[in-house]
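Q: Please take a close look at one strand of this model, its partners in the sheet, and the surroundings of the ligand.

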Amino acid sequence: MKLGRLNHIGVATPSIEQSIAIYRDLMGADVIRAPFDLPEQGVKVCFIDTPNSQIELIEPLGPDSPIVGFLAKNPQGGQHHVCFEVPDIVAARAWFEGKGARILGPTRIGAHGTPIFFLHPKDMGGVLTEIMETPKDAH
Ligand SMILES: CC[C@@H](C(=O)O)C(=O)SCCNC(=O)CCNC(=O)[C@H](O)C(C)(C)COP(=O)(O)OP(=O)(O)OC[C@H]1O[C@@H](n2cnc3c(N)ncnc32)[C@H](O)[C@@H]1OP(=O)(O)O
Ligand SMILES: [Co+2]
């Protein structure tokens, strides 16, 4: 498998509204997409476009959200995961399984509407890594 495009960096936050203010007022972001709930993933999401990628702000949706533990350890929020694109999610999953990397849960549909899965940070040098199938109409 070949390393694909960096699609986004996930940033966990206790407040998407407060994080939007930082990226807009301090960083000069001008393309801030409307936040939306993704109950299947337990998060509220907001994409901020950068010239070559996106910041994905994620806020917990309820106590069972997968980012509750991270925010307990990092109450201010922080960099949570990176996401790389692949052309074929089934082939990518088979590749990582063949390499013995731990995959966290099933393949599911992510915020861009394409299938995703996560690799355990312990197998990625401490970086929680999302693998995402490239949207058909992208790039
Ligand atoms: C918006 C939708 C979607 C998209 O389309 O883009 C998303 O991005 S959703 C993003 C949120 N979803 C997920 O993160 C799903 C996958 N995550 C998980 O399964 C869990 O969060 C986790 C990674 C297994 C962590 O579980 P948790 O219960 O919070 O913590 P543990 O105590 O079990 O952690 C074990 C170990 O890993 C370290 N850790 C935890 N989170 C991270 C992280 N984000 N980056 C790096 N390391 C992380 C944690 O500190 C523990 O380490 P030790 O203390 O050394 O054991
Ligand atoms: Co993500």
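Predicted model: local features only at pLDDT ≥ 70, side-chain atom pairs only at ≥ 80, totals over all residues.

A: Residues are numbered from 1 along each chain as its sequence is written, and chains are lettered from A and ligands numbered from 1 in the order in which they are written.

Strand E4 spans residues 54-60; helices (H or I, at least four residues) and strands (E, at least two) are DSSP runs, numbered from the N terminus. Of the 7 residues of E4, 5 are buried, so the strand is largely enclosed by the rest of the structure. Here a residue is buried if 20 or more other C-beta atoms lie within 10 Å of its own, exposed if 12 or fewer, and partly exposed in between, with C-beta atoms placed from the backbone.

E4 has pairing partners, where pairing requires that DSSP find at least two bridges between two strands. With strand E1 (residues 6-12), E4 pairs in the parallel sense over 5 bridges, and Gly 10 stands opposite Glu 56 in E4. With strand E3 (residues 43-49), the pairing is antiparallel and runs over 7 bridges; Val 45 is placed opposite Ile 58 of E4. A hairpin of 4 residues connects E3 to E4.

In the loop between E4 and H2 lies Ile 67. Ile 67 is buried, because 22 other C-beta atoms are within 10 Å. Leaving aside residues up to four places away in sequence, Ile 67 touches Ala 12, Val 43, Ile 58, Pro 60 and His 80, contact meaning C-beta atoms, placed from the backbone, within 7 Å. From Ile 9, Ile 67 is separated by 58 residues in sequence and by 14 Å in space, C-alpha to C-alpha.

The ligand can be considered next. Around ligand 1 there are 23 residues, of which Gly 69, Gly 110, Ala 111, Pro 121 and Leu 128 come nearest; a residue is near a molecule if its C-beta atom, placed from the backbone, lies within 6 Å of it. Two or more residues of this shell are given by each of E3, E4, helix H2 (68-73), strand E5 (78-86) and strand E7 (115-119). E5 provides the largest share, 3 residues.

In contrast to the enclosed E4, helix H3 (residues 89-99) has 1 buried residue among its 11, so H3 lies largely in the open. Just after H3, Gly 100 adopts a positive phi of about 80°.

How values were computed: Contact = placed C-beta atoms within 7 Å.
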